[in-house]
Each structure stands twice: as C-alpha cells, then as structure tokens.
2 protein chains.
Amino acid sequence: LQRVEINKFKSIAIIGSGSWATAICKIVSESKDVQQICWWLRKSEYVEFFNTYGHNPNYLSSILFDKNIVKASNAIEYCIQQSELIILALPSAFVQGTFADLPKNIFKGKTVVTAIKGLVPNSQEIISEYLQTKFNVNKEFIACVSGPCHAEEVARERLSYLTCASSNNILSASIAELFKCRYINTSVSDDIVGIEYAAILKNIYAIAAGIANGLGYGDNFKAVLISFSIREMENFLEKLGIATLKVNESAYLGDLLVTAYSQFSRNRTFGNMLGREYSVSSAQMEMKMIAEGYYSAKQIYLLNQKLHADMPVMQAVYNIIYENTEVKSTFAALANKIY
Amino acid sequence: LQRVEINKFKSIAIIGSGSWATAICKIVSESKDVQQICWWLRKSEYVEFFNTYGHNPNYLSSILFDKNIVKASNAIEYCIQQSELIILALPSAFVQGTFADLPKNIFKGKTVVTAIKGLVPNSQEIISEYLQTKFNVNKEFIACVSGPCHAEEVARERLSYLTCASSNNILSASIAELFKCRYINTSVSDDIVGIEYAAILKNIYAIAAGIANGLGYGDNFKAVLISFSIREMENFLEKLGIATLKVNESAYLGDLLVTAYSQFSRNRTFGNMLGREYSVSSAQMEMKMIAEGYYSAKQIYLLNQKLHADMPVMQAVYNIIYENTEVKSTFAALANKIY
C-alpha cells in the first residue's frame, strides 16, 4: 500500500443477506476502528432472528457476531443514513428492486463500496456506473472489492486475498486497510471498471467449466478452456476500451480460477448440472442459491451485441441457457474453437 | 494451421519408457502416415515384455499397441538410425546418462522433437539448446511438444490439446499434423524456448500448490498463488530475453493449471506430502514416479543466480527442498509476498 492519509470508517452499512454479505460483515467487524455496523436484511424475520441470536439464519450460520457492534434492520434508508460507508453485497438481480424507492440523494456524503458481481438488469450497467447515473454518486466516492474469495473460506478464516479498486487512490487504500485482517490480505488497484467486469465474466466461464465437467471432459480440456477464457475476457475488456494488461492479477485470473475450480462455486455447480443434462429450470430448482452467471450470460451477450468481441465460450453458455441448444453438440463445436 | 507443405513422417523413434512416452506412442501410432515406430525402453525385460504382450508393463498398461507398427528395443543407436523423426520423452535427470555414448552426428539428417520437461543437469540447458551444443542439431530440425496434457487422460482418450513449437514453421505444422487425432487437437507456436521453460517452471509451481494444499490453505489462497506464479513465470521469461506476451496461452497458463489442479499431477502430489511434513526423502520413497519439479527447482534456482528475476514462489520451494527450511513458516512468509 502507498503511504497516503487514509480514511478510517467508524460506521458501516451492509446491504445484502447472502453468504458474501455475511462474510464481509465478519471481515469488517474485525476492524478496531469500526464502532457500528448496520446490516440490512431483506426479511423482517431474519432481522429479528439476527438481533436475537447474533448470526445469519441462512448463510454461514457458524459465524457469531458481536451484537453490540452489528445490528440488523430491514429499513434500508435508515441503515444508509446511519453510516459513513455503504457496502453493497446483494445479487445483481435484486439491485433495482431494492433501490427503486430510494431518494436520488440518499448516498450524498457517503462512500459506497460494491461487492456485487453482476450487471444491473435492463440497463447492462456495472454497479459503479449505476451509482453514478441513478444516484449521482461521484466516482471519487465509489470503490469495489473483489476476490478470489469464496465466502465459505472466510467463515473458516482461511487466508484469502481481496483487491480494493477505485479511481480514487486514497479511497482504495482506505478500503484495503478496512478489509485487512488476520486472515485477509488486501491490495489496491485503480481499474475499478475492469475488475467489476472481470467479476461478472468469470461466473460465465465457471458455468462453462462446470458444463465441461458434467459432460465428462477431463482436466486437460478444462485447463485449455480456462486459459482460453482469460484471453476471451481480455479481448472483451479491450473492446470496452479498458487498456488493462493486468488480467493475470488475482482480481481477474485468480477470481476466475477460484470460481472455475472450487467445489464451493455455485456457478460451477449450476454448469455441472447443465452438463449432466438437467434442464435450466430443474437445475435452478435444485440449487438454493442464485448462480450470478445465469444472469450475466444474458447481460454480457446483450452488451456484446454492440461490442462484437469474439467470445465463443460466453456464446456457448448463452446458447445452452437461453437458446436451449443441445449441450453436448454445443460443447463439441466449442472444443474446435478454443486452443 | 497455415497451409504449408508439411512433412509426413513414416518412421519414428520414441526414447523413454514412462507414462508420457507411452501416451505419445499411442498418439503418433494413430497417424495413417506412420509405418514404423521404434520404441526405446531402457530395460531389456521391458523390451521383451512389450514385444510379447504389446503393452507397457509399468505405465498406462491399458493401452494395447499394434505390434506390427510399434517395436520395442533397448538399442538406442539402432532406434535412432531406423527413424526419420526422434521423439525424446524421458525424465531430464536421465538425459545425460542415456545420450552419453552416442556419436556426435547421431541426429544428422533426423528431426528431433523434445517432450522433456526439465533442464539438463549440470549445464542448465533446455533440451533444444542441449541438442544444438552436444549433437550439432540445427535448430530448424528441432521442435517441442507441450501440454496441458496428462498422459492418463490420453490413455482414456479424453479430448486434449498439444502445442507444437519450433523456430521452423513448416516443422511445427508438420508435428502438429502428426499429433492431431480424434482425441488430440493441436496448435503451433514459434516460441520453442519460452514453451520449454514454461513446461519446466510449471512443475515447481505445482509443487508449491501441493504444499499449500498439504498445509491446509484453501482454494482462495491457491488461486492467488497460481495467478502470482504465472506472473513470476512471465518475469523470468522476460529476464531470459524472451519477449513473450503469450503466457495466457494454453502451453503456458493451461499447462500450469492442469499440473497445479489435477489429481494426476505427481508434482502436486509430491508438494502435498511436503506440506503434510513428510521429509523430502520419505515423500520420494512413497512416490513411484519422479517429480520433475524436484530437479527443476534446483536448476532454475541456479539459473536465476545469474538472472536475478524476482521469484518468491520458486525460492520458497527451493528452500524447503534443498535448504530444509520449515514448511509452515516458509509458506507463511511467502503468503505475505504474493498478491
């Protein structure tokens, strides 16, 4: 980290009730500077449960929080108003619904960190863009936090790494300081746009890796599929005008690897079921969690209608999910395009 | 592939008796052009076994060869003399001993393909350099073949990809044509030096990944370790003067991924045992196969004494194997250097 005068945040709101929100709540509650965390949970029964028992009833329930510091609420405006720093950690599909009725100036004077790994439905905006267009947040007050970081391993306190990105160097350093703890190492980046897209694209590639698995392709094929995918990601970022030559850093390649190879990855699990010829709807029914890549495949497909990046892996996943093409033959054709 | 007039090889010698040599023998025996394969096996009992039963007694024994085409011999000069194309596929540690007594002009008029994944002991040469200095082979007649390609998956005919590299474009295209078959896709490259080094370095990183596993680090850590390692590899190649910006292609990154993530990787298995605090010698005793990375760590360490590339992962593996440093604290220190 650069030696800059960083901000120390005392009050934080966390918006989201899933496993990643829970892991983030655990991480930031380790900080000595943080005096109060206002955790927005969607359902009032979860709020009541948390404020009684001190843990999330549904995700990473083994984590016990200090109720003197972390308080749950389902009043989103209240949570934001109480806090200097707002961390967004909910599925992208819920962003518009959750934020629909908030006043335009709700984030005025606040710093916002996105940990969301998807595009806003309909508009195909990344979250940092959405915050600027919808709520007029100045980009100097926006950061993102990205893995490789499965929430399940945070719960177990296994050493993990996060990248904190912002066009504002002081902010990225401040967020890196906030998230750093005994089991989390952090680094900084100024490529917030590239890192947000990388976090979205990698879920599509993890679905592809899962499909390959389900179809019975082996480790040799998978290694080629993933190294091709990181080049496909680089092509896409170049078409977007992001002159990043950083795709081998951990927020891009590392995040792809953990999602494509880890047993914890819900996107990979979803793909695996498709590969074993589950229908999309039955695969979704059998999984309790939402696979972000399901939505991302559509959003990136639509975005790429304008960009025309060469993306055979994304296209194959899109075709299988949305065009109902036969899985086996779609991947046989893909196998001849990658190298 | 470019449309060039390629060579079709009719007679091939394969030098080596391990699993990779066996897989290569299977692949090239699929070619319709190949009329005769002279397979050099070190021990006369293996030669006798093969010529009786048509399969390798020790590795990938499920593969049955056509004895009309493939004939085993332990006379290395004879094998080479009989063949237009010589494929080297033995552990690097045996190269000098195996080739010691061969006449300097043994490869005259021959084409040589290396599939060896290690440096020549003592001289720290890659095989393509060794062939030039020791046997005066013109580099226009040298190629290399590289994965990601575990031999075990070739035996099972699971779709795999090979890269064929040579400074001679016609040769790389010819080798790509030779190796291409129903379950093998091939591509070409002119970066033979970079690809030979990548195949060597990746084994060191696979040992590191195995150590992390054995020590109980999780998937998040491993993803960062591997994405850092590919950057470390790129740094090393740059110091060597190889202006390759291709490390995301499958012969570099893909080969690293399959070695670091696959259950078939003996380098990863060796590292895993070190991580579980086996001594180097007891880990080696328990494994029947040689882990190339064991030798490579020393060779690359020595080579880097002159190059001074920043290589904390290689250094950690070297220290554990050769300086007997404590595994847990060595990796705790490494964890603070990677990101």
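A salt bridge here is a side-chain nitrogen of Lys or Arg within 4 Å of a carboxyl oxygen of Asp or Glu. By that rule, this predicted model holds 10 salt bridges over all chains. Let's see where some of them sit, and then look at how the two chains meet.

Start inside chain A. A:Asp255 and A:Lys202 pair up through their side chains, with N to O at 3.1 Å. This pair links distant parts of the chain: A:Asp255 belongs to helix α10 (residues 250-261) and A:Lys202 to helix α8 (residues 192-215), and the two are 53 residues apart. Both A:Asp255 and A:Lys202 are buried.

Chain B has a salt bridge between B:Lys202 and B:Asp255, and there the closest N and O atoms are 3.1 Å apart. B:Lys202 lies in helix α8 of chain B and B:Asp255 in helix α10, so this pair ties together parts that are 53 residues apart in sequence. Are these two buried or exposed? B:Lys202 is buried, and B:Asp255 is too. Back in chain A, salt bridges that share partners join A:Lys26, A:Glu30, A:Glu157 and A:Arg182 into one network.

B:Lys246 is in the loop between α9 and α10 of chain B, while B:Asp190 is in the loop between β8 (184-189) and α8 (192-215), so the bridge ties together parts 56 residues apart in sequence. B:Lys246 has 31% relative accessibility and therefore counts as partly exposed; B:Asp190, at 47%, also counts as partly exposed.

What the interface does have is 19 residue pairs in polar contact. In terms of who touches whom, 38 residues of chain B are in contact with 39 residues of chain A. The area buried between the chains is about 3000 Å², and carbon and sulfur atoms give 58% of that. B:Tyr161, B:Asn220 and B:Asn248 supply 23% of the area that chain B buries against chain A, more than any other three residues.

Which elements build chain B's side of the contact? Those giving two or more residues are β7 (160-165), α9 (219-239) and α10 (250-261) of chain B. Helix α9(B) gives the most, with 10 residues. Sorted by type, the residues on this side come to 19 nonpolar, 13 polar and six charged.

The arrangement of the copies is next. Chain B can be laid on chain A with an RMSD of 0.0 Å, using a turn of 180 degrees and a shift of 0.0 Å along the axis. The two copies are thus related as by a two-fold rotation axis. And 100% of the interface residues of chain B are also interface residues in chain A, so the copies meet through the same surface.

Most residues other than glycine have a negative phi, and most peptide bonds are trans. The peptide bond from A:Gly147 to A:Pro148 is cis, though, with omega near 25 degrees, and A:Pro148 is found in the loop between β6 (142-146) and α6 (151-155) of chain A. In chain B, a cis peptide bond joins B:Gly147 and B:Pro148, with omega about 25 degrees.

A:Asn122 has a positive phi, near 75 degrees. This residue lies in the loop between β5 (111-114) and α5 (127-135) of chain A, and with 66% relative accessibility it counts as exposed. B:Leu60 also has a positive phi, about 45 degrees, but at 15% relative accessibility B:Leu60 counts as buried.

Conventions:
Residues numbered from 1 in each chain as written. Chains lettered and ligands numbered in written order. Predicted model: local features only at pLDDT ≥ 70, side-chain atom pairs only at ≥ 80, totals over all residues. Heavy atoms only, no water. Contact = heavy atoms within 4.5 Å. Buried area = accessible area lost by both parts, 1.4 Å probe. Polar contact = N/O pair within 3.5 Å; in protein donor to acceptor, adjacent residues only side chain to side chain. Helix = DSSP H or I, 4+ residues; strand = E, 2+ residues; numbered from the N terminus. Nonpolar A, V, L, I, M, F, W, Y, C, P; charged D, E, K, R; others polar. Least-squares fit on C-alpha atoms with pLDDT ≥ 70 in both. Buried < 20%, exposed > 50% of the residue type's maximum accessible area, 1.4 Å probe, protein only.
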